[in-house]
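Open the model in your viewer and keep the selection panel to hand. This tour goes from one selection to the next.

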Amino acid sequence: MKEGRRNRYRRGGRRPSGVRIAMILLGLAVVYAGILLGVRAVGNRLEGQDAVEAVGSLEGRFDSDILTTQYANRTWTYRKRDLTNILLLGVDWTETEDAVSGRYAGQADFLYLITLDKKNRTILTLQLDRDTITDIRIFGPFGDYTGIRTTQLCLSHAYGDTPEQNNENTVWAVERLLGGIPVDACVALDMGAIDALNEALGGVTVTLAEDFSRLDAQMTKGATVTLRGEQAELFVRGRMNVGDGKNASRMRRQRAFIQAATEKIAQGLNEDVEFADRLFDALSAHMTADVERGWLINKAYESRAYRRSNTMTLAGDYAVGEDGFMEFHADEESLGELLAANYFE
């Protein structure tokens, strides 16, 4: 390729002078800058904001051997030796889509922090509302970091050049929301994982607190159904034409599905030493994780006899934002109490 360029210059009769080359490079730089600013402006308008305040990277803000927080006039220390935090994400993307893009890499519809407490031999679960208003990192269309914006948590996954970077951005936002407690592993599953998990477990059985009959005639309010086929995704993701249509109702169904699925998983882990491997194989095509397969399988077996607590959620208020989208504002006092009681001592 380089030889072709040299020959072209020779056929032209003379090489460009140093001044001409400098002028060409300067012109290209101006054009690139214009494109960059133009695309960024369009992108920001599409997101309902003319500019993003660049406040600098906060990488490393929470990196410390000892993490502390203040609550109720006391200093609390994070239980680093006892806890392992795994962030489970459900992304509104399918395995057939090219899930990498500066702004359109899929939103994190489902956010579940699973905490393994080896000291108390318990599993804590915290479900975060996708509409929680918090800080997220913003990147431009060419992958350049532009700053931090306070918006819905689910959008944190939409920025990145790779699925791994999408996860990293969501981890950053969750750690920041939760006072800096570390996420030790992140596992993101696309929409196809719902059916894959349900089928691998032989169907998850739930009782319908809402009426789904407009979507599936068998799914009437009050019925106990073993979900098969598309029913699992309808139950977990259905929002429009289901009940009150609110995300809070959908979150309750997601908790019900996870609880029923977890019981089957625990049973499988106790009865079959190869169960975790088969389950991992069923989900691997739908999964992006920042830890190795063996690490996840070992953690599953280590905690299979742990006592599972009820899923926690953040207290707060819902409101419709200026852009017309739903927002959830976590109550800071309640959040501090939850963190101190469960993650600090």
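**Stop 1: helix 4 and helix 7.** Select helix 4 and helix 7 together; they pack at an angle of about 150°, with their axes 9 Å apart. Keep in mind that this is a predicted model. Angles over 145 degrees count as roughly antiparallel, so helix 4 and helix 7 are roughly antiparallel to each other. The crossing of helix 4 past helix 7 is right-handed.

Now show side chains. On helix 4, the contact uses Ala193, Ala196, Leu197 and Ala200. On helix 7, pick Leu279, Ala282 and Leu283. What classes of residue make up the contact of helix 4 with helix 7? Seven are nonpolar, with no polar and no charged residues.

**Stop 2: the rest of helix 4.** Stay on helix 4, residues 192–200. Colour Ala193, Ile194, Ala196, Leu197 and Asn198, which are buried. Which elements do the buried residues of helix 4 pack against? Show strand 8 (185–189), helix 5 (231–237), helix 6 and helix 7. Then step just past the end of helix 4 to Gly202, which has a positive phi of about 75°.

**Stop 3: helix 6 and helix 7.** From helix 6, select Lys264, Ile265, Gly268 and Leu269. From helix 7, select Phe275, Ala276 and Leu279. This contact of helix 6 with helix 7 has five nonpolar residues, one polar and one charged.

**Stop 4: two loop residues.** Leave the helices for a look at backbone angles. Most residues other than glycine have a negative phi.

Go to Asn73, in the loop between strand 1 (68–71) and strand 2 (74–77). Asn73 is not a glycine, yet its phi is positive, about 60°. Is Asn73 buried or exposed? Asn73 counts as exposed because its relative accessibility is 84%, and the cut-off for exposed is over 50%.

Finish at Arg121, in the loop between strand 4 (108–117) and strand 5 (122–128). Arg121 also has a positive phi, about 55°, although it is not a glycine. With a relative accessible area of 45%, Arg121 is partly exposed.

Key
Residues numbered from 1 in each chain as written. Predicted model: local features only at pLDDT ≥ 70, side-chain atom pairs only at ≥ 80, totals over all residues. Heavy atoms only, no water. Helix = DSSP H or I, 4+ residues; strand = E, 2+ residues; numbered from the N terminus. Buried < 20%, exposed > 50% of the residue type's maximum accessible area, 1.4 Å probe, protein only. Contact = heavy atoms within 4.5 Å. Nonpolar A, V, L, I, M, F, W, Y, C, P; charged D, E, K, R; others polar. Axes fitted to C-alpha atoms, helices over the stretch in contact; angles between N-to-C directions. Parallel < 35°, antiparallel > 145°, perpendicular 65-115°, else oblique. Left-handed = near helix turned anticlockwise from the far one by under 90°.
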